[in-house]
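The sequence and structure come first.

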Amino acid sequence: MDGTPLVSIIMNCYNGEKYLSEAINSVYAQTFDNWEIIFWDNASTDSSAAIAHSYNSKLKYFRSKNTSTLGEARSLAVDKAKGQYLAFLDCDDVWLSDKLEMQVDLFLKDSSLAIVYGYAEIFYSDQAKKSKPGSINIIPNTDNLFEGMIFDKLIREDFIPFPSTVIDKDKFIECGGFPKDYNHSTDYWVFLHMSFKYKVGAIKKVCCRYRIHLGNLSHSQAVLCALENIRLVKTFLPNSMAAENLIFHYVNLSIAYLKERRIIDAFLTLYKYGGWGILAKRVSSKLAKINYCRLNLL
């Protein structure tokens, strides 16, 4: 398509056969059609390869000899990308059909943008389905998405849903690409480094669906992710915004410990780094939401 930028869609896969067809089909259903899928098979042992090979040449299949870290796998996949923009889709998530069209249009209107993101709808597989009062169905859970120079807000919390993003490839490479030694916080690493230098745009609607299932409900993964986030934020020190907001990540770590029932680790984290007031506000806010929902059900 003359004059239309190419979007390279990075799909990193490791034994993702269960939901893979649904994810790929949501790309083929896009109203914007100048795209390629860079499918990086991270040494899967299931039928993921056969599913990927069932599609046409717009899906370009690559396979790793050995399973590597997520950061390294994503870096290898990006090396194969020919697009001006990069988008990312995990094998258990899906896109809405107008996602790429809306985001590319925003980039074409403002070339200074490095990232464009939107809302993600959370949905559950049958096995992991929950019906808790006050559960959040849309992330980020806010009526106003942050835009512009948002590093000061993003350093406190990673509120950008990874499958909702499209990023400028040149700016991504300039900011260092994916860190190869991270397993959980690779997307947050990219968002922080790009937003530190460039503007971020947002589309004010749901553009993807993020699936919760038994395979991604591990509390131990939440602990590891919180620890990586702390390591990441520390790399920006002595930046004042990093210093001021590091405490929020220690609170997240303590919450992750609590979910894993590691009470002593949670207590020691709060004792050493503080954050009792932040934790108390989060608990009271959560209880208020639950009580509000219960009252509305009466």
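Cys91 is buried, with a relative accessible area of 8%. The model is predicted, and a search of the whole structure finds zero disulfides in it. Cys91 takes part in none; its nearest cysteine sulfur belongs to Cys13, 3.6 Å away.

**Overall make-up**

The protein has 298 residues, of which 49% count as buried. Its secondary structure consists of 11 helices and nine strands. Among contacts with a separation of 6 or more, 77% are between residues 24 or more positions apart. The exposed surface comes to about 14700 Å², and carbon and sulfur atoms supply 54% of that area.

**Helix 10**

Helix 10 spans residues 263-273, and its buried residues are Ala266, Thr269 and Leu270. These residues lie on the same side of helix 10, because they cover an arc of only 90° around the axis. The other side of the helix carries the exposed residues Ile264, Tyr271 and Lys272. Just after helix 10 comes Gly274, with a positive phi of about 85°.

**Aromatic rings**

The count of aromatic pairs is 17. How accessible is Phe151, buried or exposed? Phe151 is buried, with a relative accessible area of 5%, whereas Phe196 counts as partly exposed at 42% relative accessibility.

Ring pairs also join Phe88, Phe162, Phe172, Phe178 and Phe191 into a cluster.

Charged side chains sit over aromatic rings as well, and the table lists two such cases.

| Charged residue | Ring | Distance from charged end to ring centre |
|---|---|---|
| Lys171 | Tyr198 | 5.4 Å |
| Arg209 | Phe123 | 4.0 Å |

Definitions and conventions. Residues numbered from 1 in each chain as written. Predicted model: local features only at pLDDT ≥ 70, side-chain atom pairs only at ≥ 80, totals over all residues. Heavy atoms only, no water. Disulfide = S-S within 2.5 Å. Buried < 20%, exposed > 50% of the residue type's maximum accessible area, 1.4 Å probe, protein only. Helix = DSSP H or I, 4+ residues; strand = E, 2+ residues; numbered from the N terminus. Contact = heavy atoms within 4.5 Å. Areas by Shrake-Rupley, 256 points an atom, 1.4 Å probe, with all protein chains shown as cover. Arc of directions from axis to C-beta. Phe/Tyr/Trp six-rings, centres within 6.5 Å; stacked < 30°, edge-to-face > 60°. Lys NZ or Arg CZ within 6 Å of the ring centre and 35° of its normal.
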